[in-house]
Amino acid sequence: TNSTISPNFPFINGIVYTAAPDGNGGLYIGGYFSKVGPQSRTNIARINADGTLHPWNPSVNSTVTAIYVTSNTVYIGGNFSSAGGQSRNRLAALSATSGTVLSWNPTANSQVLSLTGNASAIYVSGYFTSISGTTRNYVAAIDATTGTVLPCNPNPNSYVYSLALGGDTLYVAGSFTSIGGSARSYLAAVNATTGSALPWNPAPNSYLQKIFIDGTTLYA
């Protein structure tokens, strides 16, 4: 409300690339760090609303660059190969309460940069060209429960850095000039089920690294 920095927020000894609300006034944070305040936390942590460190501590062995939170699950993406001591290639699902690694286990063949979703699907984007052995260039949809790759396949011709979901529409931003079977430069809207391009076409003159949707407004 007044832009002042919270005096209670803990010092983090590395880079934070992503943060997501925990639903209780606190945050899940991901990045490349080994401590939050004086306590060890490896690349992911949960901070309470009062700035104290939550006991939640799954530990991820390399960079976390994307977090998407539901009521029960924290989906994470990045450049890691294990989470909570279990093999997970750049994608994982964690219990929102205990930090336990869940059975959801799709694999990306290169770094994941962004995550969004709904009750049935998790949308991922980044530098990858396949998910669990299925060809998906830079953006994919994955079943939120089973981890199965879904039919949605926008197939952009270059990287997708950020995603935002609005109802049945998936907004994508990156360095592409073609997506969903149509010419679209850097910012596009695709059908969230099929991946086909929609008429919405702002056509920015250079690539975009982050988008966020709030109601009927998209910020880029």
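**Exercise 1.** State how much space lies in the largest pocket, and identify its lining.

Solution. Step 1: the largest pocket of this predicted model holds about 610 Å³ of space. A pocket here is an open set of points on a 1 Å grid over the protein atoms alone, where a 1.4 Å probe fits, with protein on both sides within 12 Å along at least five of seven lines; lining residues have an atom within 4 Å of a point. Step 2: 24 residues form the lining, and Thr 18, Ile 67, Ser 114, Leu 115 and Lys 210 lie nearest the centre. Step 3: two or more lining residues come from each of S1, S6, S11, S16 (160-166) and S21 (212-214), strands being DSSP runs of E of at least two residues.

Local features need pLDDT of at least 70 and side-chain atom pairs 80 or more, whereas totals for chains, interfaces and linings use all residues. Residues are numbered from 1 along each chain, and side-chain values use heavy atoms, without hydrogens and water.

**Exercise 2.** Which residues of the largest nonpolar core touch the most other members?

Solution. Step 1: a core joins buried (under 20% relative accessible area, 1.4 Å probe, protein chains only) Ala, Val, Leu, Ile, Met, Phe, Trp, Tyr and Cys residues through side-chain atoms within 4.5 Å. Step 2: among 17 residues, these are Tyr 75, Leu 91, Leu 115, Ile 122, Val 124 and Ile 131.

**Exercise 3.** What is the strand order of the open sheet of 3 strands?

Solution. Step 1: the order is S1-S2-S5, with antiparallel pairing (at least two DSSP bridges between two strands). Step 2: S1 (15-21) and S5 (44-47) each have a single partner strand, so one side of each lacks a neighbour in the sheet. Step 3: 4 bridges join S2 (residues 27-32) to S5, and Ile 29 stands opposite Ala 45 in S5.

Notes: Buried means under 20% relative accessible area, exposed over 50%, partly exposed in between (1.4 Å probe, protein chains only). Grid points are joined across faces, edges and corners, and a volume is the space filled by probe spheres set on the points.
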